[in-house]
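These are my notebook entries on one structure.

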Amino acid sequence: QVQLVESGGGLVQAGGSLRLSCAASGLTFSNYVAMGWFRQAPGKEREFVGMINWSGGTTRYADSVKGRFIISRDNAKGTVSLQMNGLKPEDTAVYYCAATYEPWKGYDYWGQGTQVTVSS
């Protein structure tokens, strides 16, 4: 059974930083598993934040977070992280990590989410 568990959310002032982590179990993390981060703000649809390929050699980011957020992974530990810098109130959302073997088709496994609130 695949499980993704996010942690690290919380309340931060605008301009501050947070680091989210996602621990994966039940899948061979380094076996061509791409990991993504998504977020959903109240009243809005879930949106893509960024992704990292299985080796960590390729990352992609939404324009809204490019230059501020960094995704990394540790295949030995089965974890993926989202370092968020320069946070803005509009970054407030529930953040989800997701996993897929075929990122061009979408994500198959999702975590329960962690709340990030940025105060102005």
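This is a predicted model: local features need pLDDT of at least 70, side-chain atom pairs count only at pLDDT 80 or more; totals for chains, interfaces and linings use all residues.

Entry 1, the disulfide. I find that the link of Cys 22 and Cys 97 is right-handed, with 45 degrees about the S-S bond. The sulfur atoms of Cys 22 and Cys 97 are 2.0 Å apart, which meets the cut-off for a disulfide (a pair of cysteine sulfur atoms within 2.5 Å). The structure holds one disulfide. Cys 22 lies in strand β3 (residues 18–25) and Cys 97 in strand β9 (residues 93–100), so the pair joins parts that are 75 residues apart in sequence. I note that strands are DSSP runs (E, at least two residues), numbered from the N terminus. Cys 22 is buried at a relative accessible area of 1%, and Cys 97 is buried at 0%. Buried means under 20% relative accessible area, exposed over 50%, and partly exposed in between, with a 1.4 Å probe and protein chains only.

Residues are numbered from 1 along each chain as its sequence is written, and side-chain values use heavy atoms, with hydrogens and water left out.

I looked up an open sheet of four strands, and its order is β1-β3-β8-β7 with antiparallel pairing. β1 (3–7) and β7 (69–74) stand at the edges with a single partner strand each, so one side of each has no neighbour in the sheet. The twist averages 15 degrees from one strand to the next; axes are lines fitted to C-alpha atoms, and angles run from 0 to 180 degrees between N-to-C directions. β7 pairs with strand β8 (residues 79–84) in the antiparallel sense over six bridges, where pairing requires that DSSP finds at least two bridges between two strands. Phe 69 stands opposite Met 84 in β8.

Where is Asp 91 found? I place Asp 91 in the loop between β8 and β9. Asp 91 counts as buried at 1% relative accessibility. Leaving out residues up to four places away in sequence, Asp 91 touches Arg 39, Arg 68, Phe 69, Gly 86, Val 116 and Val 118; contact means heavy atoms within 4.5 Å. The side chain of Asp 91 reaches the backbone nitrogen of Lys 88 at 2.8 Å. Asp 91 and Gly 111 are 20 residues apart in sequence and 19 Å apart in space, C-alpha to C-alpha.

Methods: A polar contact is a pair of N or O atoms within 3.5 Å; within protein, one must be able to donate a hydrogen and the other to accept it, and residues adjacent in sequence count only if both atoms are side-chain atoms.
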